[in-house]
Protein chains: 2
Amino acid sequence: MVLPRTLRYEDGVLILLDQRALPASAEEVRCASAADVASAIRTMAVRGAPAIGVSAAYGVAVAARQALAHGDDVRDAALEACAALQSARPTAVNLHAALTRMHGVVDGCQPVMTAADLTGALEAEAAAIEAFETQASRAMGVNAARLLPDRARVYVHCNTGALATVERGTALAAVYQLHDEGRLDVVVVGETRPRLQGARLTAYELSAAGVPHVLVVDSLAATLMLQQALDAVLVGADRVAANGDVANKVGTYSLAVACTHHSVPLYVVAPSTSIDMTCETGADVTIEERSDDEVTAVGATRVAPRGTRVLNPAFDITPASMVTALITERGIVAPVTEASLAAHLAGIS
Amino acid sequence: MVLPRTLRYEDGVLILLDQRALPASAEEVRCASAADVASAIRTMAVRGAPAIGVSAAYGVAVAARQALAHGDDVRDAALEACAALQSARPTAVNLHAALTRMHGVVDGCQPVMTAADLTGALEAEAAAIEAFETQASRAMGVNAARLLPDRARVYVHCNTGALATVERGTALAAVYQLHDEGRLDVVVVGETRPRLQGARLTAYELSAAGVPHVLVVDSLAATLMLQQALDAVLVGADRVAANGDVANKVGTYSLAVACTHHSVPLYVVAPSTSIDMTCETGADVTIEERSDDEVTAVGATRVAPRGTRVLNPAFDITPASMVTALITERGIVAPVTEASLAAHLAGIS
């Protein structure tokens, strides 16, 4: 199975596959400063909660390495990088969690530590975050695939695959696992307006991996459920609140409503690091409002009159009660409640 | 209120506002043969069930007028035109109904009728169909507006306005009526993938008419209902089956599911001619499957890899039980059942 590689860190530079140019061309973005990385995250050259977290971590490493090369203060550069990257995108918890870890490395370093050693420690921490996501991805795929029937017909939203992470993805990792096991019938890919991550990215990586798929507009999902053409809907998460409410790509709640109406399971697949126990409910999650242009134009084509007022939240909130199960690298949480999440994180579920 | 004019018949030529070029430019398509009209319908230069019906009727008139000018047999030309136009688009009943009326004019003409008189009779019949739709549009707007609260916040799908008809539209006629009465707060416009009729056409005509509106991706509708930001969803219909099932633009069923879940009324606004008592249920409606390109490209921008398999039905079916009321030019049908529809058509509802 050939999967695209979202990012790699080489000689103090973070190299990203530019997801804005896909599927037309596979271009790279070279980030040689924390500002470059923040810009890449903001403009969605890199996206997907886990990939954003890993990129941000490497963004701090890039800043440290550059400071070291120029004889600047590595500690100051790392802390400035953390601050600059923090606000790149507000909704996904992974960005915040990764930067907290990187900040912790700076805070924890001994005064006698050399600039070179601190730089090395920051690079090692970013690599550890990447390694965690890699392992988590495989485990999530295995865990989620267990819940699905043979000859499974699943629906996926947005891009939750290799391009959203550093390995096989979250929800899409389950699809790859099913395919490996010879248990996948077809994966239906919702195009995911407005950014079309389903059409542009998921169809691209499924095609590269040789996994049978069919693309549909988002609004067809409910009809497919009515026709009993779907066994489950698999989505990722940008943040899971303490009560189990899920913040994820806009359109997820609409799918959840259709799943509830048709008794189709809705599985949320995300690393345990996406669970934010400091965030009480979905109402406490900051929902990023993005530019009108994402809705009013596609490429060079304007699809709505100039000046049209647009409401363009990038995410929505799905109540915990509508989530059939949350699947992490640790296992399966069902039903999803504050108690079951706490137990899961404590390792006793 | 300034509304765009979808079509006009002048000197044996049907002139259409080319809806494929909107909102970027307002171009005209001149149809000087029935084949021209069939092509305009097929390629969606003109669309919207009522506008398709009126266009098809004028398509027969165009053929007759051209035959008369060239000394060809008007009767033969008209019947050939009926046949050529019949298959232009399969789902909307209006096309079929309009052609049945035009065919009836040919069948009913006396053998002694001159070619010029038959041509005139066909032109008069097309004009009568247009006049019916014009009157029906106003009446539908008045009838549907009665069901809506003051300061109404309504959601509309696809384009059901002036551009879909020859006057104010079907569902959008209610919005214009509310606006006239000073009772409209805002109309939320679903962009309506894949052809983006909401973004391209509805936003265009609402803007021209000065009606406050906000554009959203289709998958946001459910979240707006959860937030209690919508008082009703208004849609049109391409065909209403005898049992009340509604065939309409893809995405309608998804809205119906969300309406049911959130107890938001779903109003279907369509002329009584959209009710097809010969079609038992929604399962008997032919659903047009359109080209993959509608999903995989927007203008010159390819949004999915070449060769991606696509499922692209242009319409879906909403069960009668999920329709709060059907509003026609004659009045209001609720609940929508075979009996209430039959009574409505018999004029006793």
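This is a predicted model: local features need pLDDT of at least 70, side-chain atom pairs count only at pLDDT 80 or more; totals for chains, interfaces and linings use all residues.

Colleague: Which rotation superposes chain B on chain A?

Modeller: Copies are superposed by least squares on the C-alpha atoms of residues with pLDDT of at least 70 in both. Here a rotation of 180 degrees, with 0.0 Å of shift along its axis, brings chain B onto chain A with an RMSD of 0.0 Å. The two copies are thus related as by a two-fold rotation axis.

Colleague: Through which surface do the copies meet?

Modeller: Of the interface residues of chain B, 100% are also interface residues in chain A, so the copies meet through the same surface.

Colleague: How is the packing of two helices described?

Modeller: Two packed helices are described by the angle between their axes and the distance between the axes. Helices are DSSP runs of H or I with at least four residues, strands are runs of E with at least two, and both are numbered from the N terminus. Axes are lines fitted to C-alpha atoms, for helices over the stretch in contact, and angles run from 0 to 180 degrees between N-to-C directions. In chain B, helix α3 (residues 74-86) packs against helix α5 (residues 115-145) at an angle of about 30 degrees, and their axes are 9 Å apart. α3(B) and α5(B) are therefore roughly parallel to each other (angles under 35 degrees count as roughly parallel, over 145 as roughly antiparallel, 65 to 115 as roughly perpendicular and the rest as oblique).

Colleague: Which residues of α3(B) and α5(B) meet?

Modeller: Contact means heavy atoms within 4.5 Å. From α3(B), V74(B), R75(B) and A78(B) meet A115(B), L118(B), T119(B) and L122(B) of α5(B). The residues of this contact divide into 5 nonpolar, 1 polar and 1 charged (Ala, Val, Leu, Ile, Met, Phe, Trp, Tyr, Cys and Pro count as nonpolar, Asp, Glu, Lys and Arg as charged, and the others, Gly among them, as polar).

Colleague: Which residues of helix α11 of chain A are buried?

Modeller: Buried means under 20% relative accessible area, exposed over 50%, and partly exposed in between, with a 1.4 Å probe and protein chains only. In α11(A) (residues 338-346), S340(A), L341(A), A343(A) and H344(A) are buried. They cover an arc of only 165 degrees around the axis, which puts them on the same side of α11(A); the arc is that of the directions from the helix axis to the C-beta atoms. The face turned away from the buried side carries the exposed residues A339(A) and A346(A). Among the elements covering the buried residues of α11(A) are β8 (239-241) and β15 (325-327) of chain A. After α11(A) comes G347(A), with a positive phi near 85 degrees.

Colleague: Is I15(A) buried or exposed?

Modeller: I15(A), in strand β2 (residues 13-17) of chain A, counts as buried at 2% relative accessibility. Beyond its neighbours within four places in sequence, its contacts include T6(A), L7(A) and V29(A). The C-alpha atoms of I15(A) and V29(A) are 5.7 Å apart in space, although the two are 14 residues apart in sequence.

Colleague: Is N159(B) buried or exposed?

Modeller: N159(B) counts as buried at 3% relative accessibility, and is found in the loop between β4 and α6 (171-180) of chain B. Leaving aside neighbours within four places in sequence, R47(B), Q197(B) and E205(B) are among its contacts.

Colleague: Where is D11(A), and what is its phi?

Modeller: D11(A) lies in the loop between β1 (7-10) and β2 of chain A. Its phi is near 50 degrees, a positive value in a residue other than glycine. D11(A) is exposed, with a relative accessible area of 78%. In chain B, R151(B) has a positive phi of about 55 degrees and is not a glycine; R151(B) is in the loop between α5 and β4 (152-156).

Colleague: Which peptide bonds are cis in chain B?

Modeller: Among them is the bond from R193(B) to P194(B), with omega near 5 degrees. P194(B) is in the loop between β5 (184-190) and α7 (197-209) of chain B. The bond from A334(B) to P335(B) is also cis, with omega near -5 degrees.

Conventions. Residues are numbered from 1 along each chain as its sequence is written. Chains are lettered from A and ligands numbered from 1 in the order in which they are written. Side-chain values use heavy atoms; hydrogens and water are left out.
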